[in-house]
Amino acid sequence: QVQLVESGGGLVQAGGSLRLSCAASGRTFSRYDMGWFRQAPGKEREFVAAITWSRTSTYYADSVKGRFTISRDNAKNTVYLQMNSLKPEDTAVYYCAAGVSEPSLFDADYWGQGTQVTVSS
């Protein structure tokens with residue numbers, strides 16, 4: 001079992017930055033690939049970024065490439081999402097997930113409760 005708790009969301013102006021954190025409980029955190037997803041009002045949840053358990057591979061949605069960076073600290077059971085050059089269209093609830101990541105698919109076993117990110121224009 002893995003429990004995930006996101007933090008770091010908030011209100012920021014366009015062009016600004018935020019860093020999201022996802023703290024995981026459970027001894028098996030380091031065995032899971034970790035991902036970030038987001039869901040904007042009236043839209044389906046979409047993939048944002050993922051990092052493999054060994055940190056050897058990262059994957060990003062085209063819409064965030066070059067602006068967002070995913071990282072993890074297995075000693076702290078935490079995964080991060082550094083978001084730079086934020087745009088109003090990045091406004092969404094951001095969710096952390098634990099599962100198995102491949103280049104074109106993230107199969108999530110566990111989800112966090114989400115944290116709101118609002119980017120004002």
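**Glu6.** I looked up Glu6 in this predicted model and found it buried, without a salt bridge. I placed Glu6 in strand β1, residues 3–7.

What do polar atoms of the Glu6 side chain lie close to? I found the backbone nitrogen of Cys96 at 2.7 Å from one such atom. I also found the backbone nitrogen of Gly114, at 2.9 Å. Leaving aside neighbours within four places in sequence, I listed the contacts of Glu6; among them are Ser21, Cys22, Trp36, Tyr95 and Gln113.

**Arg45.** I then asked where the charged end of Arg45 sits. It sits over the ring of Tyr95, 3.9 Å from the centre. The charged end of Arg45 also sits over the ring of Trp111, at 4.4 Å from its centre.

**Aromatic pairs.** I counted four in the structure. Tyr32 and Tyr110 pair edge-to-face, 5.8 Å centre to centre, with 80 degrees between the planes. I noted that this pair links distant parts of the chain: Tyr32 is in the loop between β3 and β4, Tyr110 in strand β10, 78 residues apart. Tyr32 has a relative accessible area of 16%, so I log it as buried.

Phe37 and Phe106 have ring centres 5.7 Å apart and planes at 70 degrees, so I log this pair as edge-to-face. Phe37 is in strand β4 and Phe106 in strand β10, 69 residues apart. Both are buried. I traced ring pairs linking Phe37, Phe47, Phe106 and Trp111 into a cluster. Trp111 is also one of the rings under the charged end of Arg45.

Technical notes: Residues numbered from 1 in each chain as written. Heavy atoms only, no water. Helix = DSSP H or I, 4+ residues; strand = E, 2+ residues; numbered from the N terminus. Buried < 20%, exposed > 50% of the residue type's maximum accessible area, 1.4 Å probe, protein only. Lys, Arg positive; Asp, Glu negative; His and termini not counted. Salt bridge = Lys/Arg side-chain N within 4 Å of Asp/Glu carboxyl O. Polar contact = N/O pair within 3.5 Å; in protein donor to acceptor, adjacent residues only side chain to side chain. Contact = heavy atoms within 4.5 Å. Phe/Tyr/Trp six-rings, centres within 6.5 Å; stacked < 30°, edge-to-face > 60°. Lys NZ or Arg CZ within 6 Å of the ring centre and 35° of its normal.
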